[in-house]
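Dear colleague,

I am passing the structure below on to you. My notes on what was found in it come after it.

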Amino acid sequence: MAPEPSSHDVRSAFRREFVSPHLWRTRIVVVSMAAIAGLVVVAFTWLAESAFGQFQQLNEMAWWAPLLWTPLCCAAIVWVTRRYVRGAGGSGIPQVMAALDPALSGGRRPLLVSLKLSLAKIGLTSAGLLGGLSLGREGPSVQIAAGVMLSARRWLPRRSGISAHSLLVAGGAAGIAAAFNTPLAGIMFAIEELSRTPEQRNSGLIVAGIVLAGLIAVSVHGNGPHFGVIHPGPIGLALLWPGLLAAMVCGFAGGLFARLLLASLRGTSPDLPSRWRARYPVRFALGCGLVVAIIGIVSGGATYGSGNEATRGLLENEASVPVAFALFKFVATWLTAWSGVPAGIFAPSLSIGAALGHDIAVLTGYPHAPALIALGMVGFLAAATQAPLTAFIIVMEMVDGHGMVLSLMACAVVASTVSRVLGPPLYGALAAIQLPPRPQRDTNDAADASDAGRHDR
């Protein structure tokens, strides 16, 4: 016979939850650092947008200036990153995911996430936008906020129950929430991408921190959706075939984009560009920056920066982007990431998807283009990241697309499924690359590692 459950002591529970100074100190530290993380991301957003505004002024003064400025900025950023802050390179999300690896010792975690790397990420990513490179600030915001949150450990009381894992999850998700002005997306990102071993007792406090960081951004930028309110028209059978086509095309394009990025950033391919990148990384970055500048000039400046302006213009039917904008932005974003500069892909992915959705609307003659543009955004983002729930909620909150909930969700699932056929999840695979070498446990493993090292040389 099963034992009878013990009665709940209300008085003891009240003292534990509301009287304990130990618990209140823990709460104050976590919530305060979440608020600070949100403010840091808001400041980073302002700095990044101001930097890109300066580049736009330069481009308006002289159309040829990016041919000199963009390659020099790209090369300088890669030189600084490789020489001083290697952990600040890349998107930032793989670093946080790698830092969450349970086998990673605390001594190696600062190589991937720390307050120093957060500050470096802010400066280097902003410098990339100052150079007109095709990158987003949302992925870097994850590493930046995670570094801020992780620094809270020194102020937490002993036996607080808040682990480094919890702080990293809260910080990374807070970065997404504050960067996109979407608190719900931050929570879903924590569940879908970051959290692998959630701690039940502190889950409420962690979620509160994520929401608070998002609310900080909302209080600064306002409660309106990032891209305004779309008018998708009637959602019915007429949208079925164009929507399915958008999901399939964006799923294939996003999967190809992720596969290309992974092959390029792994650096294991024997092709000449990969060998040149490994041997002359700064010169390679110079060449990538030059090609990005040429693409920007050919596209009339549309491919510079994150692509938010193009996305907003397409949704409002006011954009004058070139016909091949999706291809141009695809290549410019790939080259920017391949160059080695700290660069996110969220915002560029949304602009590529928006352009693909717009092209499909033109191709099929569908009269309500904003609906297909929104589906293209969620489809490409879901395929590139293979995180369909996060992509669906981000786009829904950014365009106030609550009337398209089922359509957006279905598109994200279909596109992500197509992408999984083409390759593994991008961030998980990149996180494996970010992990420092682990000590070998036996002679056979050591011999294998030695052989692999000789082969690499």
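Gln 386 sits in the loop that links α16 (369-385) to α17 (388-399); helices here are DSSP runs of H or I with at least four residues, strands are runs of E with at least two, and both are numbered from the N terminus. Its phi is positive, about 55°, although Gln 386 is not a glycine. Gln 386 counts as buried because its relative accessibility is 11%; buried means under 20% relative accessible area, exposed over 50%, and partly exposed in between, with a 1.4 Å probe and protein chains only.

The model is predicted: local features need pLDDT of at least 70, side-chain atom pairs count only at pLDDT 80 or more, and totals for chains, interfaces and linings use all residues. Residues are numbered from 1 along each chain as its sequence is written, and side-chain values use heavy atoms, with hydrogens and water left out.

For the whole chain, there are 20 helices and zero strands. Of its 457 residues, 53% are buried. Of the contacts between residues at least 6 apart in sequence, 81% join residues at least 24 apart, a contact being heavy atoms within 4.5 Å. The chain exposes about 20700 Å², with 64% supplied by carbon and sulfur atoms; these areas come from the Shrake-Rupley method with a 1.4 Å probe, and for residues only the protein chains shown count as cover.

Helix α7 covers residues 164-180, 17 residues in total, and spans 24 Å from first to last C-alpha, close to the expected 24 Å. That expected span is 1.5 Å times one less than the number of residues. In α7, 17 of 17 residues are buried. Just after α7, Asn 181 has a positive phi of about 60°.

An unreviewed UniProt entry places "transmembrane region" features at several spans, including 167-191 and 240-263; UniProt positions follow the numbering used here, feature names are shortened, and annotations may be inferred rather than shown by experiment. Residues 167-191 are 92% helix and 0% strand, with end C-alpha atoms 14 Å apart. Residues 240-263 are 100% helix and 0% strand, and their end C-alpha atoms lie 34 Å apart.

Leu 244 belongs to helix α10 (residues 240-266). Leu 244 counts as partly exposed because its relative accessibility is 35%. Together with Leu 237, Leu 240, Trp 241 and Met 248, Leu 244 forms a nonpolar surface patch of about 580 Å² accessible area. Patch residues have over 30% relative accessible area and no salt bridge; like charges are joined within 9 Å, and nonpolar side chains (Val, Leu, Ile, Met, Phe, Trp, Tyr) within 5 Å. A salt bridge is a side-chain nitrogen of Lys or Arg within 4 Å of a carboxyl oxygen of Asp or Glu.

Regards
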